[in-house]
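Here's a quick briefing to read with the model open next to you. Grab a viewer and follow along.

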Amino acid sequence: MTLSASLNQRWQAVSPREQRLVLAALGLVLLALLWWVGVAPALATLRSAENQRHSLEAQLQQMQRLQVQAQTLQAQPRIGFEDARRLLEASLKPLGATAQMVLTGERMTVTFKGVSADTLTQWLVQARLTARAVPTEARLTRNATGAWDGMLVLKPGSAPPR
């Protein structure tokens, strides 16, 4: 006797009321399976779609702002090495004794002692925009007072004349 014949014989032996209950239970199980596999994930995706859209819009706006900033920087005319050095030295004057610059070939090494994070950030932005200097190396540590000590190696927008 095969498996299907055995199951069919057992099914016929069960009363019609029990057959309906078994079919109803099987239908309920299939409906729950359909919900868990097909409908619930789609609803979860639908619920989170609006938040994801807002997040992606914010990221797109940030990327567009960065693109405009990059295009603005690219459109600026190149400045000479001496002009960049002079502009960097001028930008360090407000920092006083907390910052010193040493010129080594085409690199400018700026050493900081006890500079706040905000001051350092503002100085880096100013150095990037005015002298077109790009940090190539950084060794900064936070001291006991929460200020920053260390050094930055900068490369100006163009190399020094030879």
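This is a predicted model: local features need pLDDT of at least 70, side-chain atom pairs count only at pLDDT 80 or more; totals for chains, interfaces and linings use all residues.

Residues are numbered from 1 along each chain as its sequence is written, and side-chain values use heavy atoms, with hydrogens and water left out. Helices (H or I, at least four residues) and strands (E, at least two) are DSSP runs, numbered from the N terminus.

**The sheet**

- Four strands make an open, antiparallel sheet, and the order is E1-E2-E4-E3; two strands pair if DSSP finds at least two bridges between them.
- E1 and E3 (134-142) sit at the edges with a single partner strand each, so one side of each has no neighbour in the sheet.
- On average, neighbouring strands are turned by 15° against each other, direction ignored; axes here are lines fitted to C-alpha atoms, for helices over the stretch in contact, and angles run from 0 to 180 degrees between N-to-C directions.
- E1 (residues 99-104) and E2 run antiparallel and are joined by six bridges, with Gln100 partnering Thr111 of E2.

- Thr109 belongs to strand E2 (residues 107-115).
- With 18% relative accessibility, Thr109 counts as buried; buried means under 20% relative accessible area, exposed over 50%, and partly exposed in between (1.4 Å probe, protein chains only).
- Setting aside neighbours within four places in sequence, Thr109 is in contact with Gln100, Met101, Val102, Met151, Leu152 and Val153, where contact means heavy atoms within 4.5 Å.
- Over in strand E3 is Glu137, which counts as partly exposed at 24% relative accessibility.
- The C-alpha atoms of Glu137 and Val153 are separated by 5.0 Å, though the two residues are 16 residues apart along the chain.
- Beyond neighbours within four places in sequence, Glu137 is in contact with Arg107, Met151, Leu152 and Val153.

**The core**

- The largest nonpolar core has 18 residues, and Leu88, Val110, Phe112 and Trp123 have the most contacts inside it.
- Helix H3 (81-92), E2, helix H4 (117-130) and E4 are the elements that give two or more residues to this core.
- By definition, such a core is a set of buried Ala, Val, Leu, Ile, Met, Phe, Trp, Tyr and Cys residues joined through side-chain atoms within 4.5 Å.
- Leaving out neighbours within four places in sequence, Leu88 is in contact with Met101, Met108, Trp123, Ala127, Ala131, Ala133 and Leu154.

**Helices and a loop residue**

- H3 lies across E1, E2 and E4, and runs at about 165° to E1.
- The 60 residues of helix H2 (residues 16-75) should span 88 Å at 1.5 Å a residue, which agrees with end C-alpha atoms 84 Å apart; the expected span is 1.5 Å times one less than the number of residues.
- H2 bends by about 40° at Trp35, the bend being the angle between axes fitted to the seven residues ending there and the seven starting there.
- Arg132 is in the loop between H4 and E3 and, at 15% relative accessibility, counts as buried.
- Phi of Arg132 is near 55°, a positive value in a residue other than glycine.
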